[in-house]
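Trainee: Please show me how to read a few features of this model.

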Amino acid sequence: MAKTQVNKLLSDCCGASRWVTGMLARRPFKSRAVVLSAADEIWRALDPADWREAFSHHPRIGEQKSAMPQSERSSTWAAGEQSGIERAPEDVRTELAAANREYERRFGHTYIVFATGKSAEEMLALARERLRNDPDVELRVAAEEQRKITGLRLDKLLAKGR
């Protein structure tokens, strides 16, 4: 597969350009396990600016658009990951939107949560809990959530290639 194609696929998994560059530099990968291990290793070597870059590629929980443009694949993945929002009552959606805004004011970036399998109520409770975090602690919590999201997306990408 051409480097530009792989770049696009990796960018769909994680919006941090240094992460994508690191992954491209490690090609070719010998196995799924090696890909996932490299993804984690590279992510953990990045700095807060890289993490924030990745965060900017995510829509707010309950919304469709992110600060940065998303591919169709990335938008579809985000919608699927946040599918717990679809069944939420309107009052929970409203409270989640307010929590998103409060989170961004407090921490300066989008609320990042590994949403797969979580209900809107769970995501709201987590947002409220995390709003009590110190900004440095929360940045690391969000980075870990992003790492998990990236792993899930890579897994989806690799499963599709089978």
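Mentor: Y103, F107 and Y111 form one aromatic cluster. Rings of Phe, Tyr and Trp (its six-membered ring) pair if their centres lie within 6.5 Å. The count by this rule is three aromatic pairs. This is a predicted model, where local features need pLDDT of at least 70, side-chain atom pairs count only at pLDDT 80 or more, and totals for chains, interfaces and linings use all residues. Residues are numbered from 1 along each chain as its sequence is written, and side-chain values use heavy atoms, with hydrogens and water left out.

Trainee: At what angle do the axes of helix α6 and helix α8 cross?

Mentor: Axes are lines fitted to C-alpha atoms, for helices over the stretch in contact, and angles run from 0 to 180 degrees between N-to-C directions. Helices are DSSP runs (H or I, at least four residues), numbered from the N terminus. The axes of α6 (residues 90–107) and α8 (residues 135–160) cross at roughly 120° and come within 10 Å. That makes α6 oblique to α8, since oblique is what remains after under 35 degrees (roughly parallel), over 145 (roughly antiparallel) and 65 to 115 (roughly perpendicular).

Trainee: Which residues make the contact?

Mentor: Contact means heavy atoms within 4.5 Å. Y103, R106 and F107 of α6 meet P135, E138 and A142 of α8.

Trainee: Is the peptide bond from R27 to P28 cis or trans?

Mentor: Most peptide bonds are trans. The bond from R27 to P28 is cis, with omega near -5°. P28 is found in the loop between α2 (17–26) and α3 (32–45).

Note on methods
Helices (H or I, at least four residues) and strands (E, at least two) are DSSP runs, numbered from the N terminus. Rings of Phe, Tyr and Trp (its six-membered ring) pair if their centres lie within 6.5 Å; planes under 30 degrees apart count as stacked, over 60 as edge-to-face and the rest as tilted.
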